[in-house]
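Here are my notes on the model you sent over.

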2 protein chains.
Amino acid sequence: MSSLLGIFLFLYLFLLLSSISAKNREYKWKVEYLHWCPDGVDGIVISINGQFPGPTIRATVGDTIFVHLTNNLPTEGVVIHWHGISQIGTPWADGAALISQCPINPGEAFLYKFKVDKAGTYFYHGHYGMQRSAGLYGSLIVEVPKDEKEAFHYDEELNLLLSDWWHKSSHDQQIDLSSKPFRWIGEPQCLLMNGRGQFNCSLAAQFSKLPIPQCKLRGDEQYAPQIFKVYPNKTYRLRVASTTALASLNLAIEGHKMMVVEADGNYVQPFFVKNMDIYSGESYSILFKTDQDPSNNYWISTSVRGREPKTPQGLTILNYIPNFASKIPNSPPPLPPLWNDYNYSKTFSKNFFGLMGLSPKPPTRQNRRILLLNTQNRIEGYTRWSINNISLVFPTTPYLGSIKHGINNAFDTKSPPNTFSKNYNIMKPPPNPNSTYGNRVYMLKFNTTIDIILQNANALGENVSEIHPWHLHGHNFWVLGYGDGKFDHKKDVEKFNLKNPPLRNTVVIFPYGWTAIRFVANNPGVWAFHCHIEPHLHLGMGVVFAEGVHLVKNVPNEALNCGLTRKMFVKDKHI
Amino acid sequence: MSSLLGIFLFLYLFLLLSSISAKNREYKWKVEYLHWCPDGVDGIVISINGQFPGPTIRATVGDTIFVHLTNNLPTEGVVIHWHGISQIGTPWADGAALISQCPINPGEAFLYKFKVDKAGTYFYHGHYGMQRSAGLYGSLIVEVPKDEKEAFHYDEELNLLLSDWWHKSSHDQQIDLSSKPFRWIGEPQCLLMNGRGQFNCSLAAQFSKLPIPQCKLRGDEQYAPQIFKVYPNKTYRLRVASTTALASLNLAIEGHKMMVVEADGNYVQPFFVKNMDIYSGESYSILFKTDQDPSNNYWISTSVRGREPKTPQGLTILNYIPNFASKIPNSPPPLPPLWNDYNYSKTFSKNFFGLMGLSPKPPTRQNRRILLLNTQNRIEGYTRWSINNISLVFPTTPYLGSIKHGINNAFDTKSPPNTFSKNYNIMKPPPNPNSTYGNRVYMLKFNTTIDIILQNANALGENVSEIHPWHLHGHNFWVLGYGDGKFDHKKDVEKFNLKNPPLRNTVVIFPYGWTAIRFVANNPGVWAFHCHIEPHLHLGMGVVFAEGVHLVKNVPNEALNCGLTRKMFVKDKHI
């Protein structure tokens, strides 16, 4: 009896102490358009509290985040998605417009309230229209509790948020993409690091064959690079996340080997690389030692992958203290792998494994396998992306509300296709490019194990197949394997890594290839799964999963004040 | 007894016949952004059903208009204001965002339903943010019943909708105007006639001293002028309305005298002019005879008034049939009055009188006189316009809903100032430029007669006072007089025209002058009264009137599904 009492007492004290150490972190955010100069050219960003990128949130595992968001955009709704946060118990706070909530109207406020339950490198961003492209993003870092240690050692920490930037406003880009004939937005004008890039000049002009002037900066310009100051002979943790609208990137730190230790908030088996790919929606922690000649500074560079690069390298300086921050490195910036060297990228992606002992293992069997064919299509003359020949358009009622309250006419309740035609030739443009708009939902049986096979294919043009980084809301998933060509249910399944697959929330599909993932549908809510390239999602490249929605509780009215969920709460038909 | 029966029978038949002749006119409108080329430069407009300007509505007095509007803008709300329509019994259909209704969310539909009860020349336009500037407008023409005659004779009818156009999107302009430091939008690049203008060329290049090329047009370009085809020796009614964002205009038809017969849907005592001023928000009918040499074509021209013109004349051709439409007139386009010849404009404005016998007369006494001082101000470093030192910002709950339902915390319920300091020197910049944001409402006692004195003043800069055309929703008003300098309660009142003042819904105040109007607060609802220059309204230049709101019935729920009106219909606090 006394030992049982002891256990109870221990548990009680433990819970008491955790609840003391867990904090409520409150933020008041005002979202508004501001003139900004991210790359030396006057532009407009969506800012938070006058900042671009938005403020960095730093919290500790177990904390509850309260963001009181006021929308000060003049005529547009807004939401914020907390990328990588599972939102267990708070699916309405996921910030996916018309999936988890109604857009917050101009002038109105909304309270995001959610717990951060896993340490890692995350970020947040707009998830309505193309507001992420407009600059609505920032970092979200969750630290291990003070009395716990990470699975790796480091002395100091740096944070790097990557994005891409166009001189045409994302408002206009969005209209271009929805035009007939199609107007493609083209490659970004600039790659940004923590919201800063240089368009009309280069930090490395002296090494360039192009007639571009050397940047002359005082350092207080909005587009002056953020210099990364380091002490020699230390181990640094670089947290890096990519919220690019389009660009897949390769990151390098001149002369410094990088050890990858975390991916999307999950431990991975550490491995060394001299440079690394990072796709939109991904985040990493890498460790590097400042073990190079301390009298020099070194380049930190990003370069475009997978699309013929028309955008200059993003550059900033790793500044060994006490050198001048403005001291230009001795050598030219690192040469990235060739933009279309996909083997290089595949090799990199296949380096990832779960960290033995710390990474949970996947269930050995799946209950349902869904194949998702990614194709570029046309609908009524518009260019679209489709999944199993359906191009996603969002309903005006958030799925979370319509499913929870059994509103049947809010979206097409037919099941979306579980697979695509066996005869489909992924190596050729679609024989019939016509597709249809749709807003169906994959209803997943609660607590079942789901395999998704993302199947890439040829786009509308001959010999074109693009990279798509797919992001899943509300979950991490195991990446079971990648392959070239068409997925084979027998051969390929046998090669699945069920032993130590990495956990991720974002994974890429390579041109003409497939990627297999597994997750457990154990998070009550409605969750988007989509290509994280914002123009692709805008053009329909996504699907929606729903699981255990009947278990969802305490959805604030404010989350469901639009569409049919609004009407169901109205007492009188005529006021 | 039989005579009484006869009267009843007559009344019955009359009502029956009117209800038979009155039609329901139904329209399905889809509002969306489209690439368009209004002046030869690629741009973006808000279109309706793929058209810019939107479709012309033609109806007959007594008809009921049903516009089923679907908002296809990707992230922005939308509304449409039916400019000049009284909305008796349907104040919720006035289409003033956050006054009469909530903005219609993206993807959602709203039914505007209202009666057109007075013949005249009207138009409609967006009334949220600066969506009017983006091209959301069109003509609305109400004809007298078939068996009735207008108070004037004409053979044929022409329709001309005037607007101005910038190459910067109105979305970006709006952000500029709300920037610190202030970024003024500048003068329009082009004046449009029925949505068409020429920026890179001129129809009258051969007469120009500027090195601008002659337009070479096939005629099917979106920016090719709409040619006005006329037969010789006929009388034409030209309906003209101005929905400019900024520009005050002067309109001329080369060689043709114009007789003004209608203003804002009201008969006026006809008078002749060789050219006429037209301010944003005004509409007119003018008659002209095609009595010139029929072997020539003639210019129709518009020119900027009241601001140093940096915008070329708007031009199209009055094409005498059977001349070629493309035949350029023999003479240069009409020379407008000097842009700052305000005496010219005042003389023109003072030409207006109600049409004896057909125009209703004003009540001889007012019950309340409100003086509204128009000043340019600064608030926290932002440039704003204020009325009696309050700069209007809209609440997030439409006034119509919050007042009708007695929600007290939706806006500042204190009375706004009825007047301004007697010592205020209107000839100088404000001694203390600081003003405050506000959203108070002038509560008008139902069925009382209200006089408004609009008092102009010096703007922030020395020796600057601008033209402001003020538009009243839900009402026509009598223009009792104009004057220079500061309004004098004794002397000036004595000069009021109570005999035959013109009825209008829009009236101008001249630099450093005042304008007096009178109306009866007999239309239950909440009504905006504001400067019709869209950037000025955006910067706070307006007030709100409420009258008899308790009498308002049958407001559709859809009109009040935002802000606090939404919450009051929610059954449970937690769904």
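**Notes on a buried Asn and some salt bridges**

1. Let's begin with B:Asn500, whose side chain makes a polar contact with that of B:Asn497 at 3.0 Å. A polar contact here is a pair of N or O atoms within 3.5 Å; within protein, one must be able to donate a hydrogen and the other to accept it, and residues adjacent in sequence count only if both atoms are side-chain atoms. This is a predicted model, where local features need pLDDT of at least 70 and side-chain atom pairs count only at pLDDT 80 or more, while totals for chains, interfaces and linings use all residues. As for bookkeeping, residues are numbered from 1 along each chain as its sequence is written, chains are lettered from A and ligands numbered from 1 in the order in which they are written, and side-chain values use heavy atoms, with hydrogens and water left out.

2. Where does B:Asn500 lie? Look in the loop of chain B between helix H5 (491-494) and strand E28 (503-504); helices (H or I, at least four residues) and strands (E, at least two) are DSSP runs, numbered from the N terminus. B:Asn500 has a relative accessible area of 12%, so it counts as buried (buried is under 20% relative accessible area, exposed over 50%, partly exposed in between, with a 1.4 Å probe and protein chains only). Leaving out residues up to four places away in sequence, B:Asn500 touches B:Gln269, B:Phe353, B:Gly354 and B:Met356, contact being heavy atoms within 4.5 Å.

3. On to charge pairs: the whole structure has 43 salt bridges over all chains, each a side-chain nitrogen of Lys or Arg within 4 Å of a carboxyl oxygen of Asp or Glu. One of them joins A:Lys168 to A:Asp176, with the closest N and O atoms 2.5 Å apart. A:Lys168 is partly exposed at 40% relative accessible area, whereas A:Asp176 is buried at 3%.

4. A:Glu262 and A:Arg237 also pair up, at 3.0 Å from N to O. That pair links distant parts of chain A, 25 residues apart: A:Glu262 sits in strand E14 (residues 258-263) and A:Arg237 in strand E12 (residues 235-242). Both A:Glu262 and A:Arg237 are buried.

5. In chain B, B:Arg440 bridges to B:Asp412, closest N and O atoms 3.1 Å apart. B:Arg440 is in the loop between strands E23 (436-438) and E24 (442-444), and B:Asp412 in the loop between helix H4 (399-404) and E23, so the pair ties together parts 28 residues apart in sequence. B:Arg440 is partly exposed at 23% relative accessibility, and B:Asp412 is partly exposed at 25%.

6. Finally, check the salt-bridge network that links A:Arg58, A:Glu143, A:Glu157 and A:Arg239.
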